[in-house]
Amino acid sequence: HDLESRAIARADALVYASKWAAASAVEDYGADPAKIRIAPLGAPLDVSPPEILADTRPFGDVIRLLWMGGDWQRKGGDLAVETLARLRATGLPAELHIVGEPPPGVLPAGVVTHGFLDRTRPRHRAKNDELFAICHVLMLPTRADCSPLALAEASAWSMPQVATRVGGVPEVCVNGENGVLIDADGGVAALADAVRHLVS
């Protein structure tokens with residue numbers, strides 16, 4: 001904390017990806033608000049999604065959910081799996097595609113894992129783009145986060161999101177505009193309701 005405070009005090013300019021992070025710099029480290037600028041993170045795209053989306057994402061027999069993350073527990077991977085199980089138990093035919101850290105334990109029916117996708121590798125980039133093109137909803141029930149790139153990428157692909165109201169997430173997933181936000185303690189029932197709302 002001391003090192004962070006000294007670095008902030010010596011900086012000529014402070015650029016943060018969200019108002020939430022900037023507020024922390026001021027409140028927790030005494031940053032001068034006049035030095036602060038906000039530059040939201042954009043999606044890491046090599047292609048223009050509208051050019052390749054076409055009609056690949058119509059609702060068919062299965063609703064495809066997508067979860068991406070490098071930290072299974074913090075990013076709420078377990079909650080995404082539980083939400084899928086709840087949706088399927090109530091009659092909604094759904095799949096959950098998981099990109100990133102492999103989930104622990106035995107997974108329920110409907111979960112498809114893809115492992116880590118390195119966007120610098122053409123085959124991985126193609127799979128990443130395919131998943132954004134065919135999935136219907138990005139699920140990110142994260143327990144703590146700043147400005148998740150997955151949310152920005154989903155928006156670039158015109159994919160609605162279900163996310164939790166933590167950290168800088170509400171600045172990327174704007175409730176009622178590009179997705180649905182639930183409270184961090186809302187639980188699986190609220191997540192499932194949010195998915196049903198978007199599907200309807």
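**Close-up views of a predicted model**

**View 1. The pairing of strands β3 and β4.** In this predicted model, residue I63 has A94 in strand β4 as its bridge partner. The two strands concerned, β3 with residues 63-69 and β4 with residues 94-100, pair in the parallel sense, and 7 bridges are counted between them. As a general point, the strands of a sheet pair through backbone hydrogen bonds, in either a parallel or an antiparallel manner.

**View 2. The open sheet of 6 strands.** Read across the sheet, the strands follow the order β5-β4-β3-β6-β7-β8, and their pairing is parallel. The edges are formed by β5, covering residues 111-113, and by β8, covering residues 179-182, each of which pairs on one side only. On average, neighbouring strands of this sheet are turned by 25 degrees against each other when direction is ignored.

**View 3. Helix α8 against the sheet.** Helix α8, made up of residues 187-199, lies across strands β3, β6 (137-140), β7 and β8.

View 4. Residue T83 belongs to helix α4, which spans residues 77-89, and T83 counts as buried because its relative accessibility is 0%, the cut-off for buried being under 20%. When the neighbours within four places in sequence are left aside, the residues in contact with T83 are M139, V188, L191 and A192.

**View 5. The aromatic pair of W67 and W72.** The structure holds 2 aromatic pairs, and the one shown here joins the rings of W67 and W72, whose centres are 4.9 Å apart. Their planes stand at 70 degrees, so the pair is described as edge-to-face, a term that applies when the planes are over 60 degrees apart. Both W67 and W72 are buried.

**View 6. The aromatic pair of F132 and W157.** Here the ring centres of F132 and W157 lie 6.1 Å apart, and because their planes are at 15 degrees the pair is stacked, the cut-off for stacking being under 30 degrees. F132 is part of helix α5 (residues 122-134), whereas W157 sits in the loop between α6 (149-156) and β7 (161-164), so the pair ties together parts that are 25 residues apart in sequence. F132 is buried, its relative accessible area being 0%, and W157 likewise counts as buried at 0% relative accessibility.

Notes. Residues numbered from 1 in each chain as written. Predicted model: local features only at pLDDT ≥ 70, side-chain atom pairs only at ≥ 80, totals over all residues. Heavy atoms only, no water. Phe/Tyr/Trp six-rings, centres within 6.5 Å; stacked < 30°, edge-to-face > 60°. Buried < 20%, exposed > 50% of the residue type's maximum accessible area, 1.4 Å probe, protein only. Helix = DSSP H or I, 4+ residues; strand = E, 2+ residues; numbered from the N terminus. Contact = heavy atoms within 4.5 Å. Pairing = 2+ DSSP bridges. Axes fitted to C-alpha atoms, helices over the stretch in contact; angles between N-to-C directions.
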